[in-house]
Number of protein chains: 2
Amino acid sequence: MTRKPTIKDVARLAGVGPMTVSRLLNQSAGVSEEAAARIYSAIAQLGYRPNEMARALRGQKSSTIGIIVPYLYDPFFAMCAHAVSTVAREKGYSVILTTSDEDPELEYVEAQSMLRRHVDGLIVIPSSQDGTRLCLPEFQSTHIVALDRPLPDRRFSSIVVENRAGAERAVTHLITAHGHRRIAVAALDERLYTFRARVDGYAQAMRQAGLEPLPVILCPAPDQAAANLHRVLRGPNTPTAIFTTNGLTTRFIFKALVDSGTRIPEDLALVAFDDFDLAELLEPQLSVIRQPAMKMGSTAANLLFDRMGDGAQVSQGVRLVLPVEWVPRRSCGCNPSAVAELVPQSHRQAV
Amino acid sequence: MTRKPTIKDVARLAGVGPMTVSRLLNQSAGVSEEAAARIYSAIAQLGYRPNEMARALRGQKSSTIGIIVPYLYDPFFAMCAHAVSTVAREKGYSVILTTSDEDPELEYVEAQSMLRRHVDGLIVIPSSQDGTRLCLPEFQSTHIVALDRPLPDRRFSSIVVENRAGAERAVTHLITAHGHRRIAVAALDERLYTFRARVDGYAQAMRQAGLEPLPVILCPAPDQAAANLHRVLRGPNTPTAIFTTNGLTTRFIFKALVDSGTRIPEDLALVAFDDFDLAELLEPQLSVIRQPAMKMGSTAANLLFDRMGDGAQVSQGVRLVLPVEWVPRRSCGCNPSAVAELVPQSHRQAV
DNA sequence: ATTGTTTGTGTTAACGTTTTCATCGTCTCA
DNA sequence: TGAGACGATGAAAACGTTAACACAAACAAT
């Protein structure tokens, strides 16, 4: 295993100085045809690849961005990460990805690790309730874009969706279209921004209809979700509908309902925040608020690259609020005619 | 925005030489209590963070590993990536993640990018049918572990699951337990290792029972999956069961079946390779071969770190074959008594 | 008192690039 | 024929760190 070839090796073999090689590889101006040919041949012969570490050290630019997500087992986060990765690849950047496990402490540690690695920019789905750590002066000189949840500091840009409005839309639908009056709400957590905003939207919809919001059913894990749900279902004033505030919550609650034989929407209607692949394949199909995960990720990445381009000045951030889409299906009690129409006649059988 | 503090700034402020700072930060041996205190104070005051680029350049070690996955929108891959990220974080390594879109050319380009970034090791879910590109001499000096699909070169380690045996198990179940004789098989692609191996297992099971394997139903995308499936279902000798060879295939086929009103398992029984969160919440619950995605990812990462530790010698690779688990549920035609028992009496209602 | 060991620290050079400046022809124009 | 311009190239320094060595002071053993 011989040492990796350096630019000097290439230069020596091609009979030129290292600078000529560097020039050819970068601006490709001011190098004679003849020398270029020899250099290319030397590069191929040696299998030379420039060392990005050295390049970054010298040039003060790593061509790398970081992304911190809570975890990848929520398809929503995975989608965001995928989109960021794709945009970065197209721009010739590498992505350092790390997971925070929704732990502010870990998030902070990992963000620092990103700084040590001199990322040119950072996309983070903040786990800290208020993002205080990321607003510390040590992050001052780095471009940061918050995704899915905003950061309080106006210096950072953020991409979020219409959480309140979306939640309100879904819950209002339950009230006005289906006459529900006792509607429960389920969330993974009470402090995280997205849940707060969506629960707010829920409460808003309830109050607007003169109804009392119910306490949040906490769903940190499947079994606790089931326990907490059943406690409510067994109690007095059983809700007739439930609003779940993200993908995991929906899964946990849906499983608990299926396991207990609860009929949806007859016994309990369900609307969910965050659409996912199989939502329309469940029985019943889930009525959801769809958030544009891919678009959120790519928007965040593009925004970051824009900012990085702006003379490296970390200036005032922008706040983008992306629209969500209400997708009524069956779990809310609707029976969209569209569904029936979609079934090809040739294969139509029992329902 | 002032320049980032360097080790020299710290040294100056603490009234020592840069080496003393470096020593303290690395081995923390041979530095007087007094100096250490001043250095720590200087570090805190300046907000100093060592530059990993410089460190990597000098030390010939980047504390970084790379991972190349086809994409993140298959939860299986996302899980693998998540596990790798977690292990790496625990070992103090950063992860550079990139997606290949299942394109061998892109995979090659990205692998080269990893080399330029001097990753200490690389985990790849190979998209190239035979992985030839990754076996080129240019990758000789890098530790590579293949995940989910093996690489032909014996130099690399690989982690795969019992693809053939798992597929055989599932298909044999359809034959012996439920008497199916015309069983179809669906795959995303015909060339990728995992699909070849699973289709092989299917064919093996069929032949063992004296049955003729049917041509593969290709499912590169949802609409093509539906079209190809319906072509088969409309033809003569309609299959009575189908084996889907990965998560995406299962989704596509399941959707096509639901959309066309086909009853599972009455009209067409279904068994799938790769379990996923909602598989047990679909109607009917899916009978699957479960692969340990998390374990695969963490095993790959641990294996990589082991190899990296071995004196940096790239030696003969090992091949690990992880077991899969047959999880019979309802879509194959079974009616596991376990399911009924799991339903709490209190909430038991219609089925 | 001499030698050796330990302890704390500084100096130099190197990692592989690229930026900046200098050099040396060759060409053009008066 | 010389002044200037241009084109191709090289040399030196720098990016921030650490390995390798060197050194001085303090202390123990002979």
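Guide: A helix here is a DSSP run of H or I with at least four residues, numbered from the N terminus. The model is predicted.

Visitor: How far apart are the end C-alpha atoms of helix H5 of chain A?
Guide: Helix H5 of chain A has 16 residues, so at 1.5 Å a residue it should span 22 Å. The model agrees with that expectation, since the end C-alpha atoms are separated by 22 Å.

Visitor: How many of the 16 residues of H5(A) are buried?
Guide: Burial needs 20 or more other C-beta atoms within 10 Å. H5(A) is mostly covered by that count. The number buried is 14.

Visitor: Is Asp277(A) buried, exposed or partly exposed?
Guide: Asp277(A) sits in the loop between strands E9 (269-273) and E10 (287-290) of chain A. A residue is buried at 20 or more neighbours and exposed at 12 or fewer. Asp277(A) has 17 C-beta neighbours inside 10 Å, so it counts as partly exposed.

Visitor: Which elements of chain B give two or more residues to the surface near DNA strand D?
Guide: There are 25 residues around DNA strand D, and Ile7(B), Ser22(B) and Ala54(B) are among those that come nearest. Chain A gives two or more residues from each of H2 (18-26) and H4 (52-59). From chain B, the elements are helices H1 (7-14), H2 (18-26) and H4 (52-59).

Visitor: How many residues of the surface near DNA strand D are charged?
Guide: Twelve of these residues are nonpolar and nine are polar. The charged ones number four.

Key:
Residues are numbered from 1 along each chain as its sequence is written. Chains are lettered from A and ligands numbered from 1 in the order in which they are written. This is a predicted model: local features need pLDDT of at least 70, side-chain atom pairs count only at pLDDT 80 or more; totals for chains, interfaces and linings use all residues. A residue is near a molecule or strand if its C-beta atom, placed from the backbone, lies within 6 Å of it. Ala, Val, Leu, Ile, Met, Phe, Trp, Tyr, Cys and Pro count as nonpolar, Asp, Glu, Lys and Arg as charged, and the others, Gly among them, as polar. The expected span of a helix is 1.5 Å times one less than its number of residues.
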